[in-house]
Amino acid sequence: MELTGADILVRCLRDEGVKYIFGYPGGAALHIYDALYKQDDVRHILVRHEQGASHAADGYARVTGLPGVVLVTSGPGVTNTITGIATAYMDSIPMVVISGQVPSHLIGDDAFQEVDALGVSRPCVKHNYLVRDVRDLAETIKKAFYIANTGKPGPVVVDIPKDVTAAKCMYSYPKSVSMRSYNPTIRGHTGQIKKAAKLLLSAKRPVIYSGGGVTTAGGEQALQKLVRQLDYPCTNTLMGLGCFPANDPLFIGMLGMHGTYEANMVMHDCDVMLAIGARFDDRITGDLAKFAPYAKIIHVDIDPASIGKNVPVEIPIVGDAKRVLEDLLSAIDRLDMQPNYEALKAWWNQINSWRSVDSLSYDRTSDKIKPQYVLEKLYEITNGEAFVTSDVGQHQMWAAQFYQFDKPRRWVNSGGLGTMGFGLPAAMGVRLAYPESDVVCVTGEASIIMCIQELSTCKQYDLPIKIVNLNNRYMGMVRQWQEFFYDRRYSHSYMDALPNFVDLAKSFGHDGVLIDDPADVEEALRETMARKDDLVFMDFITDPTENVYPMIAAGSGHNEMHLNPHTEGSRQAVPQERELA
Amino acid sequence: MEEKRHIISVLLENESGALSRVAGLFSARGYNIETLTVAPTEDETLSRMTIVTAGSDNVVEQITKQLNKLIEVVKVLNLADRNHIERELMLIKVKATGELRDEVKRLAEIFRGRIIDVTESIYIIELTGEGSKLDAFVETLKVTEILELVRSGVSGIARGDSSLGLNGRSAKNS
């Protein structure tokens, strides 16, 4: 039997195993919405703004590893998703965005709600398609999912003119797909892996630096095995948090601009660095000229273009992080070599003296709520089991520093693009994927406003997310930079005329609590987290002067960190001029 | 780092939008394009593109890798790395009156150009060769008035056995 393009599309989604799509209807997508209405296999979540749809799909993808799916109409429908598409692109998140397009005969006519969806999305997608013929639809959808979730994952846009969704043809969903122009390399080069194993074992001051690629590949077990077997220090990027348990003594914390003192000093002083599923971005390296001056670098990445892009590499290995880690473990087993235990002992002594600086310490005697304290308590009360999404800014860095992630895919944030407004819609996707789990959105009063409309979606679909709003009445990270680098000229970083968030939450049909005394923080969190069925907006009135430390100013080296003035005294304990083993 | 001229051959799916992906890649990442030519090959599902660019070795390595990342790109080859032939086509319309008529005709013959259109006052000359030859010809034609000039951009091909076909060497991701 022949089906319409719209029915074919929905069948494709079903046959692809899609459970949820996040979307918003409109003229060019109406045939598709009609097809959705007639079935129960694929559940549509109606967001309140298309940006929310793309972030929700992204959140779903980050915690499940499955592509998030978005459905929007033409014109503003698709342009509103661009921020979410770019967010997913920067963090290599699999996503398929289906956009309605004006009918084929009107394309190029400046028709109502027409925009060149391929053109506007091109710089921030892995690939995109315009479906010109209903007979190509099923194969295009199959390719879209295949491209989105293989190799280095990313978003794929499929633009479908309205007449194509009305036209009919026979339906069959391709079982497999093969493309002569797209064959990601999965297995690393055996010779390179052997060389890498030798270099790793010959290290005196090693470090294993891993990123989001390990999460994507599901390589956390192999990573943990490697780190433990070698007894080497491990640091994670913002995107890689959770791949190595934060409480493990071999973990030296996050690295980079707001990484721990020990992680950054290790990066600076190391002689061999294994970088895996990480891409040496500027927030990691600081000044490239001062980056890891003594290190021989092994770089494992599925994307050849990420290797050697910013930092010269001794041993490049193109491949899937999990496969390469497993092969590296076997290569190490086959070598008749042991780590240099003596050098390693000295190295750990050095690391522990850096660790003793306690670079994440903060003033615990303040009569104002310290944001770090809220996150420490959140971690305790949720036993580290919650899924935590965040927006972007100071609260994001504190969440990364103070919520001790032990498992991958628990920490959901916009690392690459730095998208304010991401946290709440992403939390919706997370909660739909894990309907029994605690989902907390850690945010700030500036970020949360950017997609606040999604509180309405949360009401419609009963998504009892807990919002931890660290309300310092500033765009905190902007304010921090203005304090440090602009002589305290706080240009437009003050959040004036804020809403009453408790009332706001209530007006959306949720509940809210205001906490402004440090003594109330723990109990408020405990009570709120116990309310399993309610979305509760927790408005914490925090110390507006608090800054994120440590900090490597842009253009500085890893050994040039600003520490919290609170810890400055202990810094003296660490000799700055050191002789390297 | 030293900037060098590179000539990059790309075999890609003959699909609409593929050209804009390549052009977009160059502008988004700040790579320069001196010339770009593209047309379908003997296999109508494939197009062959030649891009002339300038950059340090690092930049050109990135360009090659980023081109390979594009889904529609089948193969990429940097011809500057190997023995190759490159050609460019120029059509040039010049004033040809009085005694200059003979002079321009003679110059065209010297450069092995062909006069392909003639009126009482103009010639259109077709010339093929490497860029430097075309430049030299333009220079000599300054004896008369150049009314119009159009160049195709460079097309290149490797000498000898190596080929950028579907079964040739230099596979993607290698």
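A residue counts as buried if 20 or more other C-beta atoms lie within 10 Å of its own.

## Confidence

Chain A has a mean pLDDT of 95. In chain A, 98% of residues reach 70 or more. Residues 571–578 of chain A have pLDDT below 50. That stretch makes six contacts in the model beyond near neighbours in sequence. Where pLDDT is low, the predicted coordinates should not be read in detail.

## Layout of chain B

Chain B holds four helices and eight strands. Along the sequence they run β-α-β-β-α-β-β-α-β-β-α-β. The C-alpha trace of chain B spans about 60 × 40 × 30 Å along its principal axes.

Take the contacts in chain B with a separation of 6 or more. Of these, 75% join residues 24 or more positions apart.

## Nonpolar cores

The largest nonpolar core has 207 residues. Leu9(A), Val70(A) and Met273(A) touch the most other members. Setting aside residues up to four places away in sequence, Leu9(A) touches Ile32(A), Ala35(A), Ile98(A), Leu137(A), Ile141(A) and Thr165(A).

Another core, of 12 residues, lies apart from the largest one. Its members include Val104(B), Tyr123(B), Leu134(B) and Phe137(B).

Leu134(B) sits in helix α4 of chain B, residues 131–140. It has 23 other C-beta atoms within 10 Å, so Leu134(B) is buried; the cut-off is 20 or more.

Beyond its neighbours within four places in sequence, Leu134(B) contacts Glu88(B), Met90(B), Leu127(B), Gly129(B) and Arg151(B). Arg151(B) is 17 residues from Leu134(B) along the chain. The C-alpha atoms of this pair are separated by 8.9 Å.

## Where chain B meets chain A

The contact between the chains involves 19 residues of chain B and 14 residues of chain A. On the chain B side, α1 (18–28), α2 (57–69) and β4 (73–78) each supply at least two residues. The largest share comes from α2(B), with six residues.

What is the make-up of the side of chain B that touches chain A, in nonpolar, polar and charged residues? Five are nonpolar, seven are polar and seven are charged.

Terms used. Residues numbered from 1 in each chain as written. Chains lettered and ligands numbered in written order. Predicted model: local features only at pLDDT ≥ 70, side-chain atom pairs only at ≥ 80, totals over all residues. pLDDT = per-residue confidence, 0-100. Contact = placed C-beta atoms within 7 Å. Core = buried A, V, L, I, M, F, W, Y, C linked by C-beta atoms within 7 Å. Nonpolar A, V, L, I, M, F, W, Y, C, P; charged D, E, K, R; others polar.
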